[in-house]
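Q: Hi! I've got a model open and would like to talk through a few spots in it. Can you help me out?

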Amino acid sequence: MPRRRVSPRGRHAVDAVIVGAGPNGLAAAVILARAGLRVEVHEAAATPGGGARTEELTVPGHHHDVCSAVHPMGLASPFFRAFDLAAHGVRMLQPEVAYAHPLDGGRAGLAWRDLDRTAEELGVDGRAWRGLLAPLVRAWPGLVGVAMSDLRGLPPDPITALALARRMAEQGSPAWNLRFRGATAPAMLTGVTAHAIAPPRALAPAGAGLLLAALAHAVGWPIPEGGSAVVVEALVRDLVAHGGRVITGSRIDRLDQLPPANAVLLDLAPAGLLRIAEADLPPSYVRALRRFRHGGAACKVDFALTGPVPWSAPGCALAGTLHLIGTRDEAVAAERAVARGVHADRPYVLAAQPGVVDATRAPAGRHTLWTYAHVPNGSDVDVSAVVTAQIERFAPGFRDLVAAVGVRTALDVERHDANDVGGDIAAGAVTLWQTVARPVPRIDPYATPLPGVYLCSASTPPGPGVHGMAGLHAARRVLRTRFGIRTDPLRLLRLP
């Protein structure tokens, strides 16, 4: 363990203070504490976790993930591979089918863990699916290394970066249908790409979709036993074990509310930074932060069910995740409507059914269904009726199983987590420019103009997801520039 060091600014009771106990803030806190620093985390909510909480949102005994539900990056990201969730008591449960994409007529595309099985079932497009994804699946650690980097300098795996770029250029352009002959494979890929809550035929959403599709076959899309909160609990336990602490119910409105420290890390969106420090920031940086754009939003709809969802298509009952939209053309139309600020009549609905692998989420015989629909940013519309209709479309009889419904509109989502401005759970519009230049175009996107103050939220590279990498990249800079510690953060995470 590196010896604790003190910056030239002097010794304080706390070496580093972090605002926000989301996955990135906690990732940074764990790394700094493991480096021997005294770390304190302030969280406005009553519980830590940000987008990784689990609560009883419908009726007692039914445990729903508040935002994130399925965690490929819990196994794939460099942070979590080094931290090793399994070693911290977290069981990642693997559905037989990573994701399913039902179509009308009782058909569905199924993404099995086995790429060859998936391709075989896609029939006429099996060879195209394999050709698109096999190189990325084989090189998945390099793929994740590229996607989860700080997006500065040369990519860590240039060959895989080139393979990804070529496929992004295809799937993010009018050429995206050239390799496919049927309807199922392109619908499946578009369903994954639409996770970005952006029109899917564009470079940045295509990159996100290709990454997620490859990980479905490489590491799976696992579901944490007990809910997403167990991931956060593991991080908090490790932080406390290394001398850190988390203070919940501590809303920070000004930087001078924080205890003196050599470094301050903010797991906040640009709007949060402006809220607590605008008067101290240079006007040019304030203008740049105000240019940061937020994208489409999510209306969260949770169901308590008296039985499993009666999907029409074989295989859907085995899937942890489902994309409910229909064809590629339907997905494009729905996402373009949201981008124009219009509620789609048939919205894109992302669903997760943890009960296929995790019996702890509901009483015996009962089930939970986690869903969200894409809606315009800032929407206050309850879309539970159209979400129910979209599920019923692919699972006739679903309505008869609904015991209770919990709804959070896009504005409610922001009230729960201020980083999700207007309900934007991606913490910023997913465009190519804003992926690289999050939150502003700077060589160091984590450092602010204020000495010792850094951003570490999903509004910095590499962007959204429960991966901890924004926290890791920010912590690496803090260790080096504020404390003179050059130890690789990944090495710190691998220490007992």
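Q: What does lysine 300 touch?
A: Not counting residues up to four places away in sequence, lysine 300 touches Leu57, Asp65, Val66, Cys67, Trp370, Thr371, Tyr372, Gly406, Val407 and Arg408. Contact here means heavy atoms within 4.5 Å. This is a predicted model, so local features need pLDDT of at least 70 and side-chain atom pairs count only at pLDDT 80 or more, while totals for chains, interfaces and linings use all residues. Residues are numbered from 1 along each chain as its sequence is written, and side-chain values use heavy atoms, with hydrogens and water left out.

Q: Is lysine 300 buried or exposed?
A: Lysine 300 counts as buried because its relative accessibility is 4%. Buried means under 20% relative accessible area, exposed over 50%, and partly exposed in between (1.4 Å probe, protein chains only).

Q: Which side chain does the lysine 300 side chain make a polar contact with?
A: That of aspartate 302, at 2.6 Å. A polar contact is a pair of N or O atoms within 3.5 Å; within protein, one must be able to donate a hydrogen and the other to accept it, and residues adjacent in sequence count only if both atoms are side-chain atoms.

Q: Where does lysine 300 lie?
A: In strand β11, residues 297-305. Helices (H or I, at least four residues) and strands (E, at least two) are DSSP runs, numbered from the N terminus.

Q: What does β11 pair with over nine bridges?
A: Strand β14 (residues 367-375), in the antiparallel sense. Alanine 304 stands opposite threonine 368 in β14. Two strands pair if DSSP finds at least two bridges between them.

Q: What's the strand order in the open sheet of seven strands?
A: The order is β7-β6-β12-β13-β14-β11-β15, with mixed pairing. β7 (107-112) and β15 (402-408) stand at the edges with a single partner strand each, so one side of each has no neighbour in the sheet. Neighbouring strands of this sheet are turned by 20° against each other on average, direction ignored. Axes are lines fitted to C-alpha atoms, for helices over the stretch in contact, and angles run from 0 to 180 degrees between N-to-C directions.

Q: Which strands does α8 touch on that sheet?
A: Helix α8 packs on the sheet against β6, β7 and β12, and its direction makes about 120° with that of β6. Helix α8 (residues 184-193) is mostly covered, with nine of its 10 residues buried. Among them are Met188, Leu189 and Val192.

Q: And α14, which strands does that lie across?
A: Helix α14 (residues 384-394) lies across β6, β11, β12, β13, β14 and β15, running at about 65° to β11.

Q: How many residues of β12 are buried?
A: Six of the six residues in strand β12 (residues 319-324). Strand β6 (residues 97-103) runs parallel to β12, joined by three bridges, and alanine 100 has leucine 322 as its bridge partner in β12. Strand β13 (residues 349-352) runs antiparallel to β12, with four bridges; there, leucine 324 stands opposite valine 349.

Q: Changing topic: what's the order of the open sheet of five strands?
A: β9-β2-β1-β10-β16, with parallel pairing.

Q: Which way do the residues of β1 point?
A: Ala16 and Ile18 point one way, Val17 and Val19 the other, and all are buried. In general, side chains in a regular strand alternate between the two faces of the sheet.

Q: What stands opposite valine 19 in β2?
A: Histidine 42. β1 and β2 pair in the parallel sense over four bridges. Strand β2 (residues 39-43) is also joined to β9 by four bridges, again running parallel.

Q: Which strands does α1 lie across?
A: Helix α1 (residues 23-34) lies across β1 (16-19), β2, β9 and β10 (263-266), at about 170° to β1.
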